Amino acid sequence: MNPLPPPPVSLSPPRPSAAPKRLTIALLGNPNTGKTTLFNALAGMRQRVGNYPGVTVETKKGQMIYAGQTFDLVDLPGTYSLAARSPDEMVAVDLILGQQPGEARPDVVLTLVDASNLERNLYLTTQALELGVPVVVALNMIDVAEKQGIRIDAQELSLRLGVPVVPIQANKKKNLDRLKQTLALTAGGDLPAKQAPFPEAFEREATSLHDVLKEHLPAFLARRLLLDVGGYTEQRLAQRHGQHIRMQVQAARQRLALADCPVPAVEAHARYGWIRQLTTGCVQRPSKRPVTWTDRIDRVLTHKFWGTLVFLAIMFLVFQSIFTGAEPIMDLIGDAKDWLADRLADWLPPGPLTSLLTDGVLEGVGAVVVFLPQIVILFGFLAILEDCGYMARAAFLMDKLMARCGLSGKSFIPMLSSVACAVPGIMATRVIENRRDRLATILVAPLMSCSARLPIYILLIGAFVRPGRPWWVAGVTMFAMYSIGLVVAPLVALALKRTLLRGETPAFVMEMPLYKVPAARTVLRRMGDSGWAFLRRAGTLILASMILVWALMYFPRAEPESRVQKNLDDMHGRLALLQLVPFTAEGEDEKRQAEESAQALSEEIACMERDGEKYDVHVDRLERELDDWKEKQKDAPREEQASLQKVIDQRQREINELRGEWKRQSILGRMGQAIEPAVRPLGWDWKIGMAALASFPAREVVVGTLGIIYNQGKTDSKDVRRKGFEGAGNSPLARELQGSTWDDDPAHAVFTVPTALSLMVFFALCCQCASTLAVIRRETRSWRWPSFTFVYMTVLAYIGALVVYQVGSLL
Amino acid sequence: MASLDQLHVGQTARIESLVGSDTLVQRLYEMGLVDGEKIEVIGIAPLGDPLEISVRDYRLSLRRSEASRVLVTILPG
């Protein structure tokens with residue numbers, strides 16, 4: 001390749017300035033032009049993400065140092081035009097015009113242009129020339145253009161455009177020094193010398209409109225107001241200053257139509273006409289377009305048969321990776337958390353603080369961290385697919401299918417990812433530009449059957465559906481549970497798009513970018529960013545919900561007084577006996593031992609008389625005793641093993657019963673009893689209701705909670721998954737569930753097949769997942785949508801479970 | 001005059017006009033579908049919709065319903 005040419009426009013020397021003002025550079029460009037790559041190359045690691053109230057787009061901010069001076073860099077969302085139609089699209093315009101509160105007006109706008117696709121890319125640049133800010137054009141991907149036989153005379157183009165044009169290769173970091181130099185010299189300097197010529201009639205209308213609205217609008221927005229039919233400038237102005245402005249604008253547009261320059265065609269004609277003029281003579285194209293690699297690859301990847309096949313293979317790979325690839329790491333995280341919790345419980349005295357640490361904070365942190373493998377893996381794939389250009393093809397292939405439920409092809413991958421886990425799936429909806437489509441996808445994504453539903457399905461199918469039925473019934477039931485989401489999600493999406501999220505069908509019109517080899521650095525960065533963003537924004541909320549549920553199940557922890565009294569009586573009796581020992585003891589040793597025991601016991605009695613007995617202290621004491629017995633069993637001779645095992649089992653049962661009693665009388669247990677009338681029509685007793693309540697932080701928690709309230713101690717959802725139908729169906733918990741009867745009707749079992757199905761259907765449809773809600777809150781930046789999701793899904797789940805139980809009981 | 005959605009794969013046409021002034025048409029204008037411009041249909045998705053076209057040296061995908069708003073004159077192959 002030839003060495004890159006020198007900077008095209010002669011630049012005036014830097015102006016002497018007394019105080020070095022921090023200069024700001026705004027980076028503007030079409031999607032798929034390598035904007036992120038350039039931003040990363042200029043800003044290095046010094047970046048952070050900025051948000052604005054009321055919008056869901058993010059702008060990245062960074063710093064660039066050139067010749068000892070620091071520049072602030074703002075990376076604006078990629079766009080094809082500055083004609084804003086929504087608050088999200090308005091962010092870039094407001095920011096460059098200096099209307100974004102708290103943001104300095106940029107001193108220079110850097111527009112990034114794809115050299116292989118010059119005409120369409122320059123459209124945005126011609127708009128930028130009108131913003132009243134100095135402009136520098138970076139001509140990216142000149143290597144790709146040259147390969148296609150396109151030659152651009154950057155110097156000539158710069159003269160014609162009236163702003164500096166710097167050819168660069170962002171991915172290879174070529175000519176970036178020249179770009180930095182040009183930016184430093186242009187920032188805060190002369191405004192662009194030229195603009196796209198509009199017809200005189202238009203200029204007249206724009207000027208007179210601006211004269212009227214001078215106080216409210218800069219000149220740029222007065223033009224946009226006139227040009228963008230139904231655009232955001234019009235909406236915002238009408239909202240702030242009344243509908244009469246709309247009438248004025250419409251009258252002006254009518255006059256323009258009569259003068260043969262109708263809106264919006266006039267803008268496209270003016271800009272693309274000028275662009276043709278600019279490029280004629282300084283851009284050489286081959287007379288016949290050569291067949292590119294993209295053509296060849298696309299022939300396969302969008303082919304009716306092969307394209308579909310490759311698509312299915314890629315989707316399977318993505319799905320399989322997040323579904324099973326993340327599992328070992330997730331299990332490892334779970335095991336590490338359990339290990340740490342056990343160690344902490346051993347070291348620390350029993351009490352609220354220890355329990356908060358081990359069952360609240362540690363569980364919560366574990367619940368947050370456990371999502372990281374899935375998120376990072378999915379975003380790795382998304383970054384690769386997007387960077388290489390396949391994402392657009394996937395949307396192309398799937399659009400018709402998704403259009404049936406009112407969405408577009410861009411919703412497919414987020415929905416598919418949600419089958420593994422809704423959290424990364426919801427984060428992946430960022431590829432959907434249309435706000436309503438994105439929201440609809442976010443709201444139905446949690447309906448897809450995720451892996452957290454598996455433990456409860458496996459346990460209940462294993463315990464109630466499988467026994468005594470043909471081998472295929474279990475599989476079919478499982479399949480039916482998975483299908484619920486696949487059927488209900490599109491229906492809900494359709495309903496939402498027809499009611500709450502009703503509006504003009506968004507344009508699908510989507511660029512199919514050139515294929516290229518994805519850059520490892522971009523991919524790794526996306527993976528890291530997504531994981532970090534999740535931890536920071538959703539992590540605290542998930543943690544908080546875990547701690548809340550912990551507290552509801554921890555308090556009150558005082559054992560009932562009648563039991564305390566009985567224990568005290570026992571202890572006093574034991575003490576009395578111990579105090580007799582010294583009188584009858586033969587040896588000094590025995591005497592001293594008895595005195596020490598009596599001392600310890602009377603301290604314990606004093607303590608219990610003062611504080612009463614606490615469940616967790618009691619459980620802890622029993623567990624320590626259990627450990628002693630187990631220790632004893634290890635060293636015991638063979639013939640004593642059996643009797644020792646009996647003692648150990650007895651102790652374990654005692655502990656489990658105590659734990660169960662503690663949780664059943666906790667605040668949450670009482671809530672469960674209070675809501676029993678509401679869950680009775682679903683075939684549930686209060687214990688199931690309580691387990692459902694306790695699973696608010698995460699669905700899989702329901703298995704653990706059932707284990708505790710059915711006196712089976714801690715049951716691990718991971719184990720249930722590992723065991724499969726048969727193992728789970730034969731587990732002690734399953735037997736306990738099979739044997740459980742109604743409190744007020746002990747002759748009848750609580751769990752029948754309809755009850756089990758109703759519970760499964762409830763968990764298929766409900767949104768008992770604080771992480772999902774936290775991510776929805778983070779992505780929509782409002783509490784409204786997570787609340788809405790929770791309510792609509794819970795209602796849906798209740799109705800579903802009700803129908804299943806009532807119909808099932810009739811059959 | 002034909003509309004863009006009526007073209008077969010491989011056919012080339014010249015844009016005559018876009019119908020309407022709504023968001024969709026504004027978007028098509030921005031993407032460079034201006035009257036006089038040459039376009040070629042280069043593919044159709046396996047399910048029959050959307051189309052992939054080539055315009056101004058790049059590729060664009062749009063639905064049939066959207067393509068029906070683009071009036072064209074088919075050029076002899």
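Two strands are said to pair if DSSP finds at least two bridges between them. Strands (E, at least two residues) and helices (H or I, at least four) are DSSP runs, numbered from the N terminus. The model is predicted: local features need pLDDT of at least 70, side-chain atom pairs count only at pLDDT 80 or more, and totals for chains, interfaces and linings use all residues. Residues are numbered from 1 along each chain as its sequence is written, and chains are lettered from A and ligands numbered from 1 in the order in which they are written.

Between the chains, strand 10 (residues 510–512) of chain A and strand 5 of chain B run antiparallel and are joined by three bridges. Within this pairing, Met510(A) has Ser61(B) as its bridge partner.

The contact (C-beta atoms, placed from the backbone, within 7 Å) involves 35 residues of chain A and 29 residues of chain B. On the side of chain B that touches chain A, helix 1 of chain B gives the largest share, eight residues.

Chain A also holds an open sheet of seven strands with mixed pairing, in the order 2-3-4-1-5-6-8. Its edge strands are strand 2 (47–50) and strand 8 (165–167) of chain A. Strand 2 and strand 3 (residues 59–66) of chain A are antiparallel, with four bridges; Val49(A) is partnered there by Lys60(A).

| Helix of chain A | Strand of chain A | Angle |
|---|---|---|
| Helix 2 (residues 87–96) | Strand 1 (23–29) | about 145° |
| Helix 3 (residues 118–128) | Strand 5 (108–114) | about 170° |

Methods. Contact = placed C-beta atoms within 7 Å. Axes fitted to C-alpha atoms, helices over the stretch in contact; angles between N-to-C directions.
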